[in-house]
Amino acid sequence: MFFRRQSHNHEEDDSSQRDAKVSELRAALGPLSGRSLRYCTDACLKRYLEARNWNVDKAKKMLEETLKWRATYKPEEIRWHEVAHEGETGKASRANFHDQFGRTVLIMRPGMQNTKSAENNIRHLVYLIENAILNLQEGQEQMSWLVDFTGWSINTHVPVKTAREVVYILQNHYPERLAICIPYNPPRIFEAFWKVVKYFLDPKTFQKVKFVYPKNKESVEVMKSLFDDENLPSEFGGKGTLKYDHEEFSRMMEEDDLKTASYWGFDSKPCNVSNGYSGAETAPLAPPAS
């Protein structure tokens, strides 16, 4: 009983200390307005603090860099019709299911690469990351990535320079948004690409990349612990079907664009959305993509 109470008190102390760090970071940031104020929820500040080991000065610098990036790149203003051509083959899309923890799932299919523009590829991915956040279940802050290597070859791989920029954006402007990334059954030739890319990852992100091979029982258990077998597509060892219908997915994204506009105040129509920015509002899950 004594140890249990001691442990409980320790958790309360940790929580109080973290809340104090959030207040300290908010004070250090100074007055915010508009989209910056909307972005900097307590949950957001906690993610930046977590990414910088709860060092307020480092978290402040990181967050200020993100606010500058968002002010110029304007990820919340990207609309599906601007990036839809990048998604025609389904090379990256939001799954029609969440993982066991309520996290949005993004499915990457690098073998379906259909364009050459690094800028447009990155813009498409940023759009999907923002959309994944929009569709997080209440109380959840992170997403899961599944990578299907069907059809992947050295001719379809993303250039190292592009991969490096994607990693930079993910780590510096979406800290603690990625829970896990699962490259599933990558071909041996991918190892050469990975040996280069892994050096761009910080230690925390590196630990979130879990390679899974269907013949390795231990790695397969990772999939079972994270996903419902009935939902998980057969390409990842489940019983579901991975079928991408671009028209249906486009309709879903266009509906979500309205939610995004409402959340960021681009229109005057009220709209309940489960957004992962505030975690305060909840909406029904988006209809499944065929």
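Asn-185 is partly exposed, with a relative accessible area of 39%, where partly exposed lies between buried (under 20% relative accessible area) and exposed (over 50%), computed with a 1.4 Å probe on protein chains only. The model is a predicted one, in which local features need pLDDT of at least 70 and side-chain atom pairs count only at pLDDT 80 or more, while totals for chains, interfaces and linings use all residues. Residues are numbered from 1 along each chain as its sequence is written, and side-chain values use heavy atoms, leaving out hydrogens and water.

Most residues other than glycine have a negative phi.

Of its 290 residues, 48% count as buried. Among the contacts (heavy atoms within 4.5 Å) with a separation of 6 or more, 74% join residues 24 or more positions apart.

Helix H10 (residues 217-226) has Ser-219, Met-223 and Leu-226 buried. Viewed along the axis of H10, these buried residues fall within an arc of 75°, so they line one face of the helix; the arc is taken over the directions from the helix axis to the C-beta atoms. The cover over the buried residues of H10 includes strand E3 (143-148) and strand E4 (178-184), whereas the face turned away from the buried side carries the exposed residues Lys-217, Glu-218 and Lys-224.

Helix H6 (residues 118-134) packs with helix H11 (residues 246-263) at an angle of about 70°, their axes being 11 Å apart, which makes H6 roughly perpendicular to H11 (65 to 115 degrees counts as such). H6 passes H11 in a left-handed crossing, that is, with the near helix turned anticlockwise from the far one by less than a right angle. H6 contributes Tyr-127, Leu-128, Asn-131 and Leu-134 to the contact, and H11 contributes Phe-249, Met-253, Asp-256, Asp-257, Lys-259 and Thr-260. By class, the residues of this contact divide into 5 nonpolar, 2 polar and 3 charged, with Asp, Glu, Lys and Arg counted as charged, Ala, Val, Leu, Ile, Met, Phe, Trp, Tyr, Cys and Pro as nonpolar, and the others, Gly among them, as polar.

How values were computed. Axes fitted to C-alpha atoms, helices over the stretch in contact; angles between N-to-C directions. Helix = DSSP H or I, 4+ residues; strand = E, 2+ residues; numbered from the N terminus. Parallel < 35°, antiparallel > 145°, perpendicular 65-115°, else oblique.
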